[in-house]
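Please look over the strands and helices of the model shown here. The paragraphs that follow take up strand pairing and then helix packing.

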Amino acid sequence: MKHYLFIVLYLFLNLLIYAFHSTIWVYIFCFIMFSAVVIWGSFDITLGYFVNSITHKRTKIKEVALTFDDGPTEFTPKILDLLKENNIKATFFCIGKQIEKHPETFRRMIEEGHCIGNHTYSHSNKTGFLSTLKMIEEIEKCDKAISEFGNLTTDLYRPPFGVTNPNIAKAIKSTKKNNIGWNVRSLDTVVTDEKKILRRVTKDLKKGSIILLHDTSEKTYNVLVELLLFLEREKYSTFTVDSLIKLKK
């Protein structure tokens, strides 16, 4: 996908330069267009613009992955209760600082068979502007918390906000992580209406979808209740993200 975008953009910009005889405004326009594509590629993890990302499972059966970011939090136990009641395993991309705040909940995730991924140590709002070395530090500090409190390792990584760039791509490669994205984004941290969140998830659902949720609010818990009913009604099963890595190997 990223190579296709580069080729199309390159041909289009060269055509403009040729057609308008290389005027300064054409160069300015070309620069703006190139910048827009780079920004788009940075924030849309499904494009795999800077680093290859796993965003779905190639499958012919009705199955999806439930993934939760930013925990563990005070809301995570209720979500774990609900998943346990329905005999469902999910994937939790945990923040190192949150693991340190809620070690018992983190250990419960592991004890109940859920899959664990790295979501950096601090989930900094400046993630897109951090150096490669700082990003490596963020990933390794989270790995340390996962090891210390959960006695396990993970090669799964999800970038905060889904942001990728050359520095983040180098950090992912250096730490030998598999970059995990999604193809169904709930926007449950932004949208306030629970019905709208549920509609966003269910209308875009496909076989093999990876769904992005956050175990950070009562709102998401309520959406999950309805989503699990929908999955049961539509005869969807679930899988965890680590199973995709095993398939790659």
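In strand 2, C94 is the bridge partner of G71. This is a predicted model, in which local features need pLDDT of at least 70 and side-chain atom pairs count only at pLDDT 80 or more, while totals for chains, interfaces and linings use all residues. Residues are numbered from 1 along each chain as its sequence is written, and side-chain values use heavy atoms, with hydrogens and water left out.

Strand 1 (residues 63-71) pairs with strand 2 in the parallel sense over 4 bridges; two strands pair if DSSP finds at least two bridges between them. Helices (H or I, at least four residues) and strands (E, at least two) are DSSP runs, numbered from the N terminus. Strand 2 also pairs with strand 3 (residues 115-118), in the parallel sense and over 4 bridges. There, G117 of strand 3 is the bridge partner of F93.

Strand 2 (residues 91-94) is covered on both faces. T91 and F93 on one side, and F92 and C94 on the other, are all buried (under 20% relative accessible area, with exposed over 50% and partly exposed in between, for a 1.4 Å probe and protein chains only).

Turn now to the helices. Helix 5 (residues 103-111) packs with helix 6 (residues 132-150) at an angle of about 80°, and their axes are 10 Å apart. That makes helix 5 roughly perpendicular to helix 6, a term for angles of 65 to 115 degrees. Axes are lines fitted to C-alpha atoms, for helices over the stretch in contact, and angles run from 0 to 180 degrees between N-to-C directions. P103, F106, R107 and I110 of helix 5 make the contact with I146, F149 and G150 of helix 6, where contact means heavy atoms within 4.5 Å.

Notes: Angles under 35 degrees count as roughly parallel, over 145 as roughly antiparallel, 65 to 115 as roughly perpendicular and the rest as oblique.
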